[in-house]
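Let's walk through this model together, from the overall layout down to single side chains. Here it is.

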Amino acid sequence: MSRTGLHGMMAEFHEPGALVAAAREENIPLDKDTVFRTFTIQRINMTWMLTVRAHDPQQAARLADLWVQAALP
């Protein structure tokens with residue numbers, strides 16, 4: 001059964017294997033502990049907000065993109 005949409009985002013947050021692998025393919029150091037410390041997902045009314053914190057804003061943006069790509073089929 002494939003994970004799509006928000007379900008995929010939440011599943012990828014709790015088990016970030018695909019995200020970690022995608023980041024490593026781009027030489028971005030990332031592990032499960034870092035995901036839990038620096039990635040957040042929250043709902044504001046009908047909008048879901050994904051946040052990634054990193055020292056490099058471009059790296060944070062790329063990790064957010066990878067998170068979405070890993071969560072969607």
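Predicted model: local features only at pLDDT ≥ 70, side-chain atom pairs only at ≥ 80, totals over all residues.

## Strands and how they pair

Strand E1 covers residues 39-44 and runs antiparallel to E2, the two being joined by 6 bridges.

## The overall layout

Zooming out, the protein has 4 helices and 2 strands.

The protein has 73 residues, and 34% of them count as buried. As for the contacts with a separation of 6 or more, 48% come from residues 24 or more positions apart.

What is the bridge partner of isoleucine 41 in E2? It is leucine 50, whose place is in the strand made of residues 47-52. Leucine 50 also pairs up in an interesting way with threonine 40: they are 10 residues apart in sequence, yet their C-alpha atoms are 5.9 Å apart in space.

Is leucine 50 buried or partly exposed? Its relative accessible area is 27%. Buried would need a value under 20%, and exposed one over 50%, so leucine 50 lands in the partly exposed class.

## Helix H2 and its two sides

Helix H2 spans residues 17-25, and Leu19, Val20, Ala22 and Ala23 are buried in it. Look down the axis of H2 and those buried residues fall within an arc of 165°, so they line one face of the helix. On the other side of H2 you'll find Arg24 and Glu25, both exposed.

Just after H2 comes asparagine 27, which takes a positive phi of about 60°.

In soluble globular proteins, nonpolar side chains tend to be buried together. Here the largest nonpolar core has 16 residues, and the members that touch the most others are Leu19, Leu30, Phe39, Val52, Leu63 and Leu66. H2, E1 and helix H4 (57-71) each supply at least two residues of this core. The largest share, 6 residues, comes from H4.

Which residues does leucine 63 touch, leaving aside those up to four places away in sequence? The list is Leu19, Ala23, Ile28, Leu30, Phe39 and Val52. Among these, Leu19 and Ala23 are buried residues of H2.

## The salt bridge

The count comes to 1 salt bridge. The side chains of arginine 62 and glutamate 26 meet in it, at 2.6 Å from N to O. Arginine 62 lies in helix H4, while glutamate 26 is in the loop between H2 and helix H3 (32-38), so the pair ties together parts that are 36 residues apart in sequence.

How do the two partners stand in terms of accessibility? Arginine 62 has a relative accessible area of 26%, so this residue is partly exposed. Glutamate 26 is partly exposed as well, with a relative accessible area of 35%.

Notes: Residues numbered from 1 in each chain as written. Heavy atoms only, no water. Buried < 20%, exposed > 50% of the residue type's maximum accessible area, 1.4 Å probe, protein only. Pairing = 2+ DSSP bridges. Contact = heavy atoms within 4.5 Å. Arc of directions from axis to C-beta. Core = buried A, V, L, I, M, F, W, Y, C linked by side-chain atoms within 4.5 Å. Salt bridge = Lys/Arg side-chain N within 4 Å of Asp/Glu carboxyl O.
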